[in-house]
Amino acid sequence: MFRTTISAGAALVASLQLNLSAEVPKEWEEKAGGYLMENISPEGTLPGTVVAGTSKYMPDYWYDWTRDAALVMDVLVTRYIDGEKDLLPQLMNYFSLSIRHHNTPNLSGGDGEPKFNVDGTAFNLPWGRPQNDGPALRALTLIRLANQLLEEGQVGTAKELYEGMIHSDLDFVAEKWKDPSFDLWEEVCGEHFYTKMVQLNALTEGAKLSEYFGVSSDRYYREAADLERSLFQHFDHEKKRIIPSLNRTDDKDYKDQDLDSSVILAVLHTDKEMALNDFVINTAKVLKDTFYDLYPINRDGNPGIAIGRYPEDKYNGIDESEAHPWFLLTLAFGEYYHTLANLYEERGCIEISDISLPFFQELDPSLENSVEIQKFMPQFNMLVLKLRELGDAFVERARHHTTSEGRMSEQFDRNTGEQRGAENLTWSYANLIRVKFAKEYSSKCLNN
Ligand code: NOJ
């Protein structure tokens with residue numbers, strides 16, 4: 001494999017000298033928002049359906065995946081919270097369809113079923129099942145909506161969400177979190193950091209909402225405490241990284257580097273404070289450096305670094321050969337850098353430890369030791385600004401590979417940059433909008 005002498009960090013920082021537009025072009029965001037909405041309840045599907053993508057053949061993504069649907073609907077919840085009240089009917093359609101899925105007998109024998117046909121019936125072909133992150137993600141999306149409705153005084157509708165779906169999803173999580181299941185990439189069976197993080201977050205957020213409705217939360221808190229303890233097993237103190245999967249029973253023996261971008265998604269989809277964790281920061285750095293070396297496209301002189309699922313990945317978007325970088329993950333790295341910047345600004349302090357030092361040395365090569373940088377020190381603003389610029393560089397990398405209309409598929413070719421895999425992947429659009437939210441969050445905080 002062709003290797004360069006210039007490091008990923010140096011290349012990423014150097015890419016900032018290139019013609020990087022500081023802001024995500026508004027026009028692209030607006031278009032992406034429109035493409036996302038087109039994939040919700042499209043013609044020929046039940047109301048509330050989120051198709052994973054528009055491609056119906058090689059690959060066929062014309063299904064409603066529980067995970068993708070929850071993550072996409074979560075974007076609608078944020079927009080609803082931000083004032084787009086006319087989105088409520090779409091969200092309620094999603095809720096009704098979720099109940100229907102819950103009541104549909106399927107091959108997983110319950111809520112861990114990964115995907116459904118667009119007419120609401122069960123998908124009965126072989127698949128990696130169960131996938132137990134789905135019910136937790138759905139609960140989290142509906143809990144955020146219910147909390148907002150409570151704030152608006154819409155207690156009845158919030159209660160409907162709780163009794164109709166959230167409660168059973170919480171029971172599912174409380175009962176099943178110890179069971180092995182397939183990971184979010186639908187390939188590896190075992191215990192997963194991503195799945196456990198969303199399960200833990202669902203239990204703790206769900207416990208609070210249960211209390212509000214006078215339902216006992218003891219079981220949720222008890223299971224959450226055990227689950228939290230089991231998460232520590234994913235912290236590898238030698239590698240100083242998070243191990244994505246443990247106790248695997250799959251045959252993906254080529255996936256052996258214990259390095260997976262799902263770790264970054266896990267913190268973005270749950271407890272954002274975890275973004276600051278040294279092991280997470282170091283995992284992000286190692287992932288970024290690894291993908292920089294792995295994908296020739298990253299050395300084409302354009303800004304930003306393209307990110308994939310995991311280095312040994314073979315899924316090329318249709319079948320197995322050599323995998324490519326993914327739009328949604330490249331954008332998630334953009335969101336991660338902006339999230340770090342937001343958290344540091346809120347705290348007014350950047351703590352750099354021996355473990356996170358290499359990550360920060362890329363931003364400021366003069367750093368030599370672990371140190372606490374307080375807001376009044378000139379270095380503070382410089383580091384926050386660099387994090388934001390680098391966040392934008394990831395977005396710029398994704399943007400560079402979109403079509404002239406700003407459309408995004410699942411992957412883009414590691415050599416040529418051409419789009420690969422399912423067209424119009426709804427989750428790709430959702431992640432662009434999430435970066436926009438992260439950036440808006442920062443300006444909201446600064447203006448307060
Ligand atoms: C394959 C991805 O690995 C999985 O995470 C996703 O849910 C489906 N495609 C549908 O987008």
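**Domains, ligand and confidence**

Mentor: The chain falls into domain 1 (1-38 + 264-448) and domain 2 (47-253), with bounds from an automatic or database domain assignment. This is a predicted model, where local features need pLDDT of at least 70, side-chain atom pairs count only at pLDDT 80 or more, and totals for chains, interfaces and linings use all residues. Residues are numbered from 1 along each chain as its sequence is written.

Trainee: How many residues does each domain bring to the contact?

Mentor: Domain 1 gives 27 residues and domain 2 gives 24 residues; two residues are in contact if their C-beta atoms, placed from the backbone, lie within 7 Å.

Trainee: Which helices each supply at least two residues of the domain 1 side?

Mentor: They are H9 (262-268), H10 (278-294) and H14 (426-447), where a helix is a DSSP run of H or I with at least four residues, numbered from the N terminus. H14 provides the largest share of that side, six residues.

Trainee: Changing topic, which residues surround the ligand?

Mentor: Around the ligand are Ala-52, Tyr-61, Trp-65, Arg-67, Asp-68, Leu-184, Trp-185, Glu-186 and Trp-427, taking C-beta atoms, placed from the backbone, within 6 Å of it.

Trainee: And what is the confidence of the chain?

Mentor: The mean pLDDT, the predictor's confidence in each residue from 0 to 100, is 95, and 93% of residues reach 70 or more. Over residues 1-5 the pLDDT is below 50, and this stretch has three contacts beyond near neighbours in sequence. Where pLDDT is low, predicted coordinates should not be read in detail.
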